[in-house]
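The following exercises are to be worked with the sequence and the coordinates at hand. Each task is followed by a solution in steps.

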Amino acid sequence: MQETTISKSNFEECMKCTICTAYCPVVPVNPLYPGPKQAGPDGERLRLKNGFFFDENLKYCMNCKRCEVSCPSGVHIADLIHSARLRYSKHKPNLRDRILAETDFMGKVARPLAPVVNTMVSMKPVKAVMDSVMGISKNCDFPKYTFHGFIGWFNKNAKAKQAEFKNQLAYFHGCSTEYQHPEVGIAFVKVANALGYGVNLMDERCCGVAKVSNLLKDRAVKIAKRNVGVLGEQVELGRPIVATATTCTFTIRDEYPGILGVDISKIRESVTLAEKFFYELIDSGKAELVFRKDFKARVAYHTPCHMEKLGWQIFTKRLMGLIPGLEFIPLDSNCCGIAGTYGFKKENRRASEAIGKPLFDNIKRVDPDYVTTECDTCKWQIEMCTGYKVVNPIIILADALDLEATARLNSK
Ligand code: SF4
Ligand code: SF4
């Protein structure tokens, strides 16, 4: 009997209502996908009898978790699907899958050559070759690598003074903050410091979500165990672990135990998201904010699917609601269709754009100054499909605050 990778399989609680199928964004756009009920609890019954019943079309599941959010019985549908893929799939990760999954390795290789790499991958002939030879869609724009990363900025500009703060936290910045969007980490450090918190970085690795979806299970488990160890050291020091990306947060809290079978019981309750952490500090009276008087913006908010699964979007809405001068417009709930590396794959691109279309149309109808979301891959998809600029909510907060006045208030 093969070893199972799922920690608690509750497929027997399915009452066959098919609500999950109605909420799955892939079902209406891809007739090859059996849908969450059939791929999840129904399929699991058969697979447990004989792995022969595994269907390779389960690869079309984006792991967005919308089925789980909708299920009245709390069935871990997407966990069942992805555990089955890791357990039974005959597909061997190819070069394309490895390039998309090894975010740290690719970031380290691309970083010193960032201007060249960024130019190359945006050229039409290069995109055409990547499309035909590797299966990376030519309709995608690759996010730009930065020559100077977040950790370099932190070591040069912020590290020395962090010990002076009366409170301490550990920051899980994630790979996109280091390799593509250091501005997110810089904004986070500025806000945390203004609220009286020193920031500590860890020797973290990419959370591993892309390795799960690209079937690099052994690599994902190894990295998950390593991250749990590194995060555990911070928790023992009494520091909360705060992240700025929803998918990193969700993966560590729920995918490590649910799909990879990695025990996170000692750290789970300490892992949180920046918007929740900051809002709770303010709401409990432990910190105060002073805003600029001249800040003004009209911003549309896209809730990432993994944020819906966490159920923490209320904290972003309340935090942004504190900002005078910000017209904050939550958009209707819709998947953007990128799902990490899923939408970059040639075979998924048409479905990815079709899934995201209602969201893109809504953004164009609202016509905001810019869009905000906590997920960088949602950001990439929205920017390439709408042309609107997308920023992390923590950047808006840092921009709207009078950081010096806030820091003076919270140092008393
Ligand atoms: S929503 Fe839940 S209970 Fe209903 S069919 Fe799907 S898995 Fe079963
Ligand atoms: S995780 Fe998303 S794509 Fe996969 S079955 Fe559930 S709703 Fe559909």
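## Exercise 1: Surroundings of Phe-154

Beyond the residues up to four places away in sequence, Phe-154 touches Lys-159, Gln-162, Val-189, Val-199 and Leu-201, where contact means heavy atoms within 4.5 Å. The model is predicted: local features need pLDDT of at least 70, side-chain atom pairs count only at pLDDT 80 or more, and totals for chains, interfaces and linings use all residues. Residues are numbered from 1 along each chain as its sequence is written, chains are lettered from A and ligands numbered from 1 in the order in which they are written, and side-chain values use heavy atoms, with hydrogens and water left out.

**Task.** Determine in which helix Phe-154 is placed, and whether Phe-154 is buried or exposed.

**Solution.** 
1. Phe-154 belongs to helix α9 (residues 150-157). Helices (H or I, at least four residues) and strands (E, at least two) are DSSP runs, numbered from the N terminus.
2. The relative accessible area of Phe-154 is 3%, and therefore the residue counts as buried. The classes are buried (under 20% relative accessible area), exposed (over 50%) and partly exposed in between, with a 1.4 Å probe and protein chains only.
3. For a distance, take Asn-200, which is 46 residues from Phe-154 along the chain; their C-alpha atoms are separated by 9.8 Å.

## Exercise 2: The sheet that contains β2

**Task.** State the strand order of the open sheet that includes β2, and identify its edge strands.

**Solution.** 
1. The order of the 4 strands is β2-β1-β3-β4, with parallel pairing. Two strands pair if DSSP finds at least two bridges between them.
2. At the edges are β2 (197-201) and β4 (271-273), each pairing on one side only.
3. Neighbouring strands of this sheet are turned against each other by 40° on average, direction ignored. Axes are lines fitted to C-alpha atoms, for helices over the stretch in contact, and angles run from 0 to 180 degrees between N-to-C directions.
4. Helix α14 (residues 246-258) packs on the sheet and touches β1, β3 and β4, its direction making about 155° with that of β4.
5. The parallel strands β1 and β2 are joined by 5 bridges, and Leu-169 stands opposite Val-199 in β2.
6. Between β1 (residues 167-172) and β3 (residues 241-243), also parallel, there are 3 bridges; Phe-172 has Ala-243 in β3 as its bridge partner.
7. Of the 5 residues of β2, 4 are buried.

## Exercise 3: Helix α4

**Task.** Compare the span of α4 with its expected value, and state how many of its residues are buried.

**Solution.** 
1. Helix α4 (residues 77-88) has 12 residues and reaches 16 Å from its first C-alpha to its last, close to the 16 Å expected at 1.5 Å a residue. The expected span is 1.5 Å times one less than the number of residues.
2. Burial extends to 12 of the 12 residues of α4, including Leu-80, Arg-85 and Tyr-88.
3. Among the elements covering them are α2 (36-49), α13 (217-236) and α14.

## Exercise 4: Two domains

**Task.** Describe the interface between domain 1 and domain 2.

**Solution.** 
1. The bounds, from an automatic or database domain assignment, are 11-88 for domain 1 and 297-400 for domain 2.
2. Their C-alpha centres lie 26 Å apart, and 13 residues of domain 1 are in contact with 15 residues of domain 2.
3. The two domains bury about 1200 Å² between them, 62% of it on carbon and sulfur atoms. Buried area is the accessible area (1.4 Å probe) that two parts lose on being put together, summed over both.
4. On the side of domain 1, Val-29, Met-62 and Arg-66 lose the most area to domain 2, together 49% of what that side buries.
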